[in-house]
Amino acid sequence: NFYICREELANDRPESYLRALEGLVTGNTEFVLCLLSNRRKDRYDALKKYLCLDNAVPSQMVLKDTVSRRNNLMSVATKIGIQINAKLGGEIWGVHIPTKTLMVIGMDSYHGRRILSEDVFVSIESLDSKHRTASVGAFVATTNSSLTKFYSRVIYQRTSQELMDGLAVCLKGIFIQQEISFIFEFVLQTH
């Protein structure tokens with residue numbers, strides 16, 4: 001279901017925007033678009049933190065001046081639509097891939113200075129400021145034949161540990177996701 005909530009604000013302070021969002025954003029909110037009067041970085045940062053980190057809701061910030069220019073309105077609206085589509089998981093571009101069985105995988109690691117606990121993997125929730133310089137492994141892999149959807153995973157580990165130690169966890173995660181997607185698509189096609 002799609003509905004628009006419009007909220008008039010008395011001022012453009014970050015607190016005013018956040019109060020309005022607190023009354024509107026629920027567990028069912030799929031997307032938020034905010035029309036901003038200017039480029040205040042403190043407000044932008046507060047809104048993105050609240051929406052992305054605190055509530056995991058994709059969002060698009062649009063400046064009032066950007067949509068006020070009548071001569072560019074179609075171009076601006078198209079670009080905003082493309083950004084929203086991408087943030088909601090849409091495929092905004094594609095190329096012809098001759099093979100349908102290709103998976104592109106990327107991995108990288110960062111090795112900090114401090115060691116985490118003796119546990120090999122540490123969850124994101126338990127990562128605090130004293131662990132922020134620990135080793136971090138990043139994994140991404142395409143999940144469809146047009147290479148436009150992907151699975152990604154971050155693994156926190158002891159600084160002396162290599163990224164390959166977490167590869168099995170990443171591969172297991174991608175194959176579980178693929179199985180769930182396959183089952184879901186099969187159920188949709190048969191009903």
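I take helices and strands as DSSP runs, helices being H or I with at least four residues and strands E with at least two, numbered from the N terminus.

**Ground rules.** This is a predicted model, so I note that local features need pLDDT of at least 70 and side-chain atom pairs count only at pLDDT 80 or more, while totals for chains, interfaces and linings use all residues. Residues are numbered from 1 along each chain as its sequence is written, and side-chain values use heavy atoms, with hydrogens and water left out.

**Helix α2.** I started here: α2 covers residues 41-54, 14 residues in total. From first C-alpha to last it reaches 18 Å, close to the 20 Å expected at 1.5 Å a residue; that expected span is 1.5 Å times one less than the number of residues. After α2 comes A56, and its phi is positive, near 50°.

Which residues of α2 are buried? I found R43, L47, K48, Y50 and L51. Buried means under 20% relative accessible area, exposed over 50%, and partly exposed in between, with a 1.4 Å probe and protein chains only. These buried residues pack against α1 (14-24), β1 (32-36), β2 and α4 (73-87), with contact meaning heavy atoms within 4.5 Å.

**α1 against α2.** I looked up the axes next, which are lines fitted to C-alpha atoms, for helices over the stretch in contact, with angles from 0 to 180 degrees between N-to-C directions. The axes of α1 and α2 come within 9 Å and cross at roughly 25°. The two helices are therefore roughly parallel to each other, a label for angles under 35 degrees. At this meeting, P14, Y17, L18, L21 and E22 of α1 face D42, R43, A46, L47, Y50 and L51 of α2 as contacts.

**The core.** I then asked for the largest nonpolar core, and got 12 residues: Y17, L21, V25, V32, C34, L36, L47, Y50, L51, V57, M61 and L63. Such a core is a set of buried Ala, Val, Leu, Ile, Met, Phe, Trp, Tyr and Cys residues joined through side-chain atoms within 4.5 Å. Two or more residues each come from α1, β1, α2 and β2. Another core, of seven residues, lies apart from it, with F139, A141, I155 and L167 among them.

V25 touches V32, Y50, L51, N55 and V57, leaving out residues up to four places away in sequence. L63 sits in strand β2 (residues 59-63). Is L63 buried or exposed? L63 is buried, at 18% relative accessible area. With the same exclusion of residues up to four places away, L63 touches L35, L36, N38 and R39. L36 is 27 residues from L63 in sequence, yet 4.8 Å away, C-alpha to C-alpha.

How values were computed: Angles under 35 degrees count as roughly parallel, over 145 as roughly antiparallel, 65 to 115 as roughly perpendicular and the rest as oblique.
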